[in-house]
Every structure is written in structure tokens, then in C-alpha cells.
Amino acid sequence: MANVTVLGATGNQMVAEAFRQAKVDVLPAYPITPQTTMVENFAKYVADGRVHTEYVAVESEHSALSASIGASAAGARVATATAAQGLALMFEELYIASGMRLPIVMANANRALSAPINIHGDHSDVMSCRDCGWIVLFAETAQEAYDQTIISFPIAENPNVLLPVMTTLDGFVTTHAMERCELMDDDTVAAYVGDRVPENALIGGPKAVSHGMFSSLGGPYFKLKKVQREALENSKPYIQAEGDKWAAITGRKFEFVEKWECDDADYIMVIAGSSAGNARVVARELRAEGLKVGIARIRLYRPFPVAELVDILKDAKAVAVLDRSDCFGAQFGPIGLDVASALYSAGAQVPMRNYIYGLGGADVTLDALRQAFTELPQVASGELDQSLNYLGVR
Amino acid sequence: MANIKQLSEINERLVGGHRLCGGCGASVAVRQILMGAGPDTEVVVAVATGCLEVSTTALPFTSWDCSFIHNAFENAAATITGVEAAYKALKATGKIAKDKEIKFIAFGGDGGTYDIGLQALSGALERGHDFVYVCYDNGAYMNTGIQRSSATPSHSWATTSEVGAVIPGKPERRKDLTSIVAAHHIPFAAQASVGNWKNLVEVSEKAFNTPGPAFLNVLAPCPRGWRYTSEKTVEISKLAFRTKFWPIFEIENGKWSMKEIREKDLLPIEEFLKTQGRFAHLFKPENEHLIAGIQAEVDEYYDYVKSMCAK
């Protein structure tokens, strides 16, 4: 029987605990706000001898992921963490990690990208890396950041998956705010995550292997990319299975998309990350006022849960998609683009309006969220168009 | 050190059939250096993007009879330190036997080391990982077509430091990478050359047997980039030493020592320059004064190394 410790903790603390309990072999990391306390906490575990982990205090985020790739290819369990400019600096390596099919778990403290430089929470960093071939998870709370970090290890290392996982939590609101959390005991987590059983490791295997080889014109590059796309798509049942397995231990359900009052909803908001809490507050008020609203909260963002979202949204009268980042030059923000194409490909004629909110940590007010919900009847009637709108810009 | 007959019997870790050019200094350097790891030691090699990588690992074939990893251009040092950290961690948990010995080595060209990979190299050296980093220095970005790097010698032609009506080749002096590495106060660093196999194998043995980071900067001539015919690689390497173009020295725990040029072997820098098409423009009357400048530069550097050895 699992022992649970209830504690007040920040998201960063909880992710550091997850890394510790998962018995990470190698953790190369570079500090960056708002990820910093995560690696600071972990460094203390190392200093106190509570983990056997090789903490590689690299000189940049590029080297953090480069060393993670080397360590994962060597057969180790590997984690790292970053945010914002650090994730952007890793960009080249993100594709290499997934292309080499290396399990690595990376926590990202979601933060705005420069310029202007801004250290606060939004999704610009993670969304700029959404097509890099990683599994991407969004947490709403510190608890969820912990749970999703723990399940990331067996997902990434599953021989049927072998992909890196980005487990994300919103900068400051989730990384730094103290919440009520439940920490499972070490043995329970250890038993759940198990050991990594690497195949074709650089060291410790039966034969010499070559990793990161060259594919020239006419080589297998094209085919390998197809295989990679299929691997990411095919990871979904393994992700769900790990979420279910962890839920059986903790009692906390894992769904790709969390449905909140969606079954009878006329108007649904699609959102990811920490602002969903505020959205629920407003949605409760609106339901009391007679507007049937629901919330579809994305927890698994890549591979994108197309079928699940279509199923939730197809009968709505209108949908508000909230994006905490923008795709400059595109019609919508990233989630807006994904939802629009999901609905289109399913033949679902659901009016959709896209709202960009909270960039650079701007307050996500209840009034702003109320505006998004209450515009939806006009979107449904055609009085308001299906455009992109910046919500609550002062 | 083993004699040449014994060395010839060591199983090659970079095997024949790769696609490097005839006369390529890099392949000679790699083979000689890996001999220094000893015949039976397990080795993991990391290689930066470049000639050595693309020519030895074209899918589905590999020329490496040891474990190999290529990641990207600027991060061979970071990558191999990740492998080395994994080795330590897996040993700590017993997933790898405590007595299992593995050597870790990274190879990068001068582009991947002097330029784009300098930060990752510096970080890896400072962190004290137990590994050997080898820069095979051929003085330009040869894989992409002879563009200048910060290792390209003064007044050399390269495709991004062209010889023209107003500029006679690369105006800037080359970077002194070996001294930069030495400033990290790592246990062992050396400058060596494929023209002196005995020294190269010796310093490689030292590098592999040194706990902590070790660094080798190895002159590895490139027939294509330097514009000479492929049979002259070793001959030109020897001239590089005899003309002071490439001093051979090592720094062991802060103590510098060099292989001095015997007086009867000493040659003017022209003897090195004239063997290569990349310096052909220097022998036009209007450019001859530049040769005097190069002579002064190599004299100065040789004296600097000598002065460090005298300390």
C-alpha cells in the first residue's frame, strides 16, 4: 500500500521530487528562471547523497540537451529541465533527440520568449517546439506536474515508444506557487517507474553500436521520418496506459483532454495549463447564470488528441480556443490551428474563435475569461467572426 | 609504448572502407590516436559533424568497430561528457560492473572545436570529466568546401577568405587553441601531428591514461583544402614541424615541454608554404613581404612555447 505525504509544495519542488524518486542516472542542466528552483532542489539531493545521479552542471542549455542525448544513448535514465530562451537554445537538439529515438524526460517551466525579455509565464517557448517530435504534456497544477513527470519516464523508455517527453508547467503560477500536494513514497514510485532497460546502448551492451549516423541523398532519411511520425502517433495508447497505471496507485485520473461539464455544453473553451482553474471559476458562475459552458483542458498536446477533442467539441454551438502564445503570420495561435484542422478534418462545422491571452505573464483575469465565454453565442450566430483576438490587452 | 610492429597488430577501431579522401590527415590521426587506447580497452567515440563523421557512418554502414555517437557540430564535447556521466552513474548502481573500464574520446575538426564547439569544449574541460578530446586541425571547414575558420593560417586562401585584387587571403592570425585549453589547467594537453606517429601515439597513450580531461590538438593536413597531391600528407606534416609552423609540445600538470627542432632540421617557412596551393599567391612579387610576416609570427609562437617550457 502506498504511503502518501501531504505537503505544501511548488511545482518546481514537485518535479525535483519526481526526478529524485524516478532515480534518474544523469541530469545535465543549466539554470534559467523560472526553472531554477527545480534544479537547485535537485542539486541539494545530490549534495546530500540522496540520489546516485550524475548532475552535470553544463555551461549552456545546448550542452544540457547534448549531454542528455549522449547519456541516453549510453543507456542511462536521463532528465533535464529548462525554460524559454533555454528551450530555444536547445532547438537543434530537440530534433536530434527525437530523431535518434532517445528517451529523455525534460521539464519545461513555460515562459515567454524574448524580445522584449520577459521572465514570466506563457506558452511561447514550448509551442515553438511543438513540432520537434517530442511527446508534450501540459500540467495545470504542481500535483499534475509531479504526476506527469513520473509517468513520463516509463512512457519515454517503453521500447514501443522510445521518444523524448517534455513535461511542462506554467512559469511562476505553477512553478513557484505553493499548493497542496500529495507525494507518494519513494518505493511506490520506484516500483512504478521500474528500471530503464535500454536496447543498443553505447555502453554495457553486447556489441559496439553506432548512433547518430549520416543519411545522404537517397539514404533512409525520408523513410525514417515517416517511421518517426508513426511512432509519435502510436505512442498514445502507451501514454494512456501509463496514466491509468499511475491513476490506479494515486486515484488521480489521467486523460489526454480533461472534460469539465462538456457533455451538455453549448459553448466550450479549449485551454491548456494553469489558467484552466480561473476558467472553471468563471464557467461555474456562467452555468449558474444559465449559460451552458464547458471546458476541454488539454493535458497531452503532442501527439495531438484529435479524436478526443473532436468528440468533445463536435456538437458544441461554438468553441473558444485559448492560446497563451501566438504563431505570428498564421491564421491562429497553435492550439487554434490544431483545433481548427481537427474539426475541419472531421467535417464538424463548429464555429471557433481564437483568443490569445496572458502573454509575458499578463494577468488572466476572470473578466477576460468571461468575455471569451460570453462572446460564443454571438460567434454561433455569426455576429462575431471566427478570428484571432488578443484577450484583455490593456 | 608498443613498437611499430606491435602497433601494426592492434585491431583498428576505424576500419577500412570509409569514404575519407586518399591522404586525409584526419583518418591517419584517428587511427594512430586510438592505438594509444591500448589493444583491448573498450572505447566510445563521439565525433562532431564534419568530414570524419559523414565519411564513416553513411547509413546503414559504419566504419567504427567501437561504439560511436554523432550528435551535431558544436557539441561533441558535451555529448561525450553525457556518455561518461552515464558510465559513472550506471557503475554506481551496478548496472555496469565496477571494474569495467571504458575510455571516452571525442573528435572534432578545427571548425567544430576552435569555432562553433569552443564553448562546449571549455565547459566539458572545466567540469573535469574523464575523457580525451581531439581536435583534428586541418585549418578550415573542409567538409563544406574550404571555408576559413579561426584555425586558418595567416594569409592562407580559403573560400570565405578569398585571394583578390585588394585582399591577399585571410588577414587574421590563427587562434592559439592549445594555450586556451591549457588555461583550463587540465591534467594533460598536447599539440601533435600526423607527421610524427611515434609522438602522436605516445601523447595519445598519456591522454588516455590521464584521469580527468585530456586534450590533443593534432595537425591533420587536407589534400583538397591545402591544394597538394594526396601522397604528401606526412611529408608536409613534417615540414610543418621543421618550419615552426606547428610546434610539437605537451603540458602535463602545468609543466610545458616541447620537441625542439634540431638546428640542422630547421627550415624557413617558405619550405612549408610552397608545398600548398592555398599559399601560392604569396609567392607573387607583390605578396612576398607577407611571407616575412608569417615567418615572424611562427618564430614568435615557437619562442613563446619555448619560454613556457623554460618556466
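**Entry 1. Terms and model**

I take helix axes as lines fitted to C-alpha atoms over the stretch in contact, with angles running from 0 to 180 degrees between N-to-C directions. Helices (H or I, at least four residues) and strands (E, at least two) are DSSP runs, numbered from the N terminus. I note that this is a predicted model, in which local features need pLDDT of at least 70 and side-chain atom pairs count only at pLDDT 80 or more, while totals for chains, interfaces and linings use all residues. Residues are numbered from 1 along each chain as its sequence is written, and chains are lettered from A and ligands numbered from 1 in the order in which they are written.

**Entry 2. Helices α7 and α10 of chain A**

I looked up how helix α7 (residues 142-157) of chain A packs on helix α10 (residues 236-250) of chain A, and found an angle of about 130° with the axes 9 Å apart. That angle makes α7(A) oblique to α10(A); angles under 35 degrees count as roughly parallel, over 145 as roughly antiparallel, 65 to 115 as roughly perpendicular and the rest as oblique. The crossing of α7(A) and α10(A) is right-handed (left-handed if the near helix is turned anticlockwise from the far one by less than a right angle, right-handed if clockwise).

I then listed the residues in contact, meaning that their C-beta atoms, placed from the backbone, lie within 7 Å. On the α7(A) side these are Asp147(A), Ile150(A), Ile151(A), Pro154(A) and Ile155(A). From α10(A), they meet Tyr238(A), Ile239(A), Glu242(A), Gly243(A), Trp246(A) and Thr250(A). By class, the residues of this contact are seven nonpolar, two polar and two charged. Ala, Val, Leu, Ile, Met, Phe, Trp, Tyr, Cys and Pro count as nonpolar, Asp, Glu, Lys and Arg as charged, and the others, Gly among them, as polar.

**Entry 3. A sheet in chain A**

I traced an open sheet of five strands in chain A, with the order β4-β5-β7-β6-β13 and mixed pairing. Two strands pair if DSSP finds at least two bridges between them. The edge strands, each pairing on one side only, are β4 (79-82) and β13 (300-302) of chain A. From one strand to the next, the twist averages 25°. Strand β5 (residues 105-110) of chain A runs parallel to strand β7 (residues 165-170) of chain A, and six bridges join them. Within this pair, I found Met106(A) opposite Met166(A).

**Entry 4. Where chains A and B meet**

I recorded 40 residues of chain A in contact with 40 residues of chain B. On the chain A side, β2 (26-29), β3 (54-57), α3 (61-73), α5 (91-99) and β9 (210-211) each supply at least two residues. Which element of chain A gives the most to this side? It is α3(A), with nine residues. The residues of this side divide into 19 nonpolar, 16 polar and five charged.

I also found strand pairing between the chains: two bridges join β9(A) to strand β2 (residues 67-70) of chain B, and the two strands run parallel. His211(A) has Ile69(B) as its bridge partner.

**Entry 5. Ala64 in helix α3 of chain A**

I turned to Ala64(A), which is found in helix α3 of chain A. Is Ala64(A) buried or exposed? Ala64(A) counts as buried because it has 30 C-beta neighbours inside 10 Å; a residue is buried with 20 or more other C-beta atoms within 10 Å of its own, exposed with 12 or fewer, and partly exposed in between. Leaving aside residues up to four places away in sequence, Ala64(A) touches Pro28(A), Ala29(A), Tyr30(A), Val58(A), Thr80(A) and Thr82(A).

**Entry 6. Helix pairs in chain B**

I found that the axes of helix α2 (residues 25-35) of chain B and α8(B) come within 7 Å and cross at roughly 50°. That makes α2(B) oblique to α8(B), and the crossing is right-handed. Gln32(B), Ile33(B) and Met35(B) in α2(B) meet Trp197(B), Leu200(B), Val201(B) and Ser204(B) in α8(B). This contact has five nonpolar, two polar and no charged residues.

I placed Trp197(B) in helix α8 (residues 197-209) of chain B. Trp197(B) counts as partly exposed because it has 19 C-beta neighbours inside 10 Å.

Lastly, I noted that helix α4 (residues 76-92) of chain B and helix α6 (residues 118-127) of chain B cross at roughly 35°, their axes coming within 7 Å. The buried residues of α6(B) include Ala120(B), Leu121(B) and Gly123(B). Just after α6(B), Gly128(B) takes a positive phi of about 75°.

Terms used:
Two residues are in contact if their C-beta atoms, placed from the backbone, lie within 7 Å.
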